[in-house]
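Please read the following notes with the structure open beside you.

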Amino acid sequence: MPASAEQLEVRLIRASHELKTTDDDLKPLLPTLKKLFGYEHYTRLGNHHQQKFPPAQRRRLDLGEGFTIFITVTNSDPRGADVEFEWYSGKAALVKSNVRLTPNSPLLVRGPEVGKDWIILALQLHR
Amino acid sequence: MKQPDFSWTAGLADQQLKGWRRWWAERHLARNPVAAVEYREQVRARELLHENPPHQPVPEPTDVFWARVRADIEQRHQTTPVPHTALASWWTRLWTEQPLVVVSAVLALLIAAAFVTVAWHRARVTRTAATEPTAVHRVATTIPHTVASPFHVPETGATCIWISGLPWTPDMTEMQTLFAHLDS
């Protein structure tokens with residue numbers, strides 16, 4: 001089945017004990033973030049991207065703070081989308097992965113530890 | 001004691017005895033009551049046979065026989081009514097008097113059934129998609145001494161890739177400096 005353009009949301013999240021509150025746009029994810037990482041509050045980091053990704057096109061996104069991500073949607077169907085991504089910090093590839101994203105099931109990648117904070121990559125498929 | 005032979009009484013009853021044999025038999029009957037009884041039974045048996053001759057029906061030809069069987073079957077078929085239910089009678093009446101109504105109703109039912117089937121199928125796909133978690137097919141790290149572990153959290157519906165072994169840095173500037181020069 002030929003893949004169609006999929007709308008993906010990609011953002012960096014910083015989990016920190018020094019924060020007093022969580023950003024509004026992260027509040028829907030807050031229960032999940034707390035369950036996984038244990039921090040009370042989270043804030044958005046760098047650039048937030050929500051856009052359509054055409055099939056079989058490798059796209060580079062600047063996430064800010066020295067992070068970049070390469071994303072390719074390889075296939076999609078009514079149930080989800082197959083996505084390849086590579087998450088870089090500078091020249092170093094932190095992780096390379098092939099996943100099948102489904103709606104209502106975000107992918108969270110726990111990245112480097114900075115001070116007492118964690119950097120988290122969040123990928124979500126929107127339909 | 002030898003049993004007496006009364007077989008001559010059958011000949012007398014059949015009027016087959018002539019002449020002196022007949023004279024002797026009649027004389028014996030008059031003097032022997034047992035023989036007389038036997039004679040009377042013989043005569044009675046012949047009277048019964050005469051009154052009830054054996055019946056010998058004339059066999060009918062084959063074609064006559066099958067024609068009779070066919071006629072019998074046809075008669076039974078005509079006289080046995082096909083049971084009609086009230087619903088069948090109503091349907092037959094409606095079909096003959098209002099055929100367009102029937103056709104329209106059937107078409108409408110088919111279209112409605114098609115819509116319901118499509119809607120149900122779409123809802124099922126949506127439900128399935130909504131409950132299917134994100135899956136990690138392949139994950140790899142290139143930085144030495146690091147490993148990535150995927151897992152799913154059913155309570156939240158989220159999937160996580162946990163990268164372990166990344167170097168710690170005290171702040172974002174140090175982190176960017178480190179990773180800018182870190183080849184993978």
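1. Over all chains of this predicted model, the count comes to 16 salt bridges, a salt bridge being a side-chain nitrogen of Lys or Arg within 4 Å of a carboxyl oxygen of Asp or Glu. Residues are numbered from 1 along each chain as its sequence is written, and chains are lettered from A and ligands numbered from 1 in the order in which they are written. Because the model is predicted, local features need pLDDT of at least 70 and side-chain atom pairs count only at pLDDT 80 or more, while totals for chains, interfaces and linings use all residues, and side-chain values use heavy atoms, with hydrogens and water left out.

2. One of these salt bridges joins the side chains of A:Glu6 and A:Arg127, at 2.7 Å from N to O. The pair links distant parts of the chain, since A:Glu6 lies in strand β1 (residues 6–16) of chain A and A:Arg127 in the segment after β8 of chain A, 121 residues apart. With a relative accessible area of 4%, A:Glu6 is buried, where buried means under 20% relative accessible area, exposed over 50%, and partly exposed in between (1.4 Å probe, protein chains only).

3. A:Asp25 forms a salt bridge with A:Arg44, and their closest N and O atoms are 2.5 Å apart. Here A:Asp25 sits in the loop between β1 and α1 of chain A and A:Arg44 in strand β2 (residues 41–53) of chain A, 19 residues apart. A:Asp25 is partly exposed at 29% relative accessible area, and A:Arg44 counts as partly exposed at 37%.

4. The side chains of A:Asp77 and A:Arg100 meet in a salt bridge of 2.6 Å, N to O. This pair connects strand β4 (residues 67–77) of chain A, which holds A:Asp77, with strand β6 of chain A, which holds A:Arg100, 23 residues apart. A:Arg100 is buried, at a relative accessible area of 14%, and a network of salt bridges links A:Asp77, A:Asp82 and A:Arg100.

5. How many helices and strands does chain A have? Chain A has 1 helix and 8 strands, which run β-α-β-β-β-β-β-β-β from the N terminus on; helices (H or I, at least four residues) and strands (E, at least two) are DSSP runs, numbered from the N terminus. Of the 127 residues of chain A, 57% count as buried.

6. Between chain A and chain B, about 3,500 Å² is buried, 57% of it on carbon and sulfur atoms; buried area is the accessible area (1.4 Å probe) that two parts lose on being put together, summed over both. The contact takes 42 residues from chain A and 42 residues from chain B, with contact meaning heavy atoms within 4.5 Å. There are 2 salt bridges between the two chains, including one where the side chains of B:Glu132 and A:Arg79 meet at 3.7 Å, N to O. On the side of chain A that touches chain B, at least two residues each come from α1 (30–37), β5 (80–89), β6 (92–101), β7 (107–114) and β8 (117–126) of chain A, and β6(A) gives the most, with 10 residues.

7. A:Thr32 lies in helix α1 of chain A and counts as buried, at 9% relative accessibility. Not counting residues up to four places away in sequence, A:Thr32 touches A:Leu108, B:Thr156 and B:Ala158.
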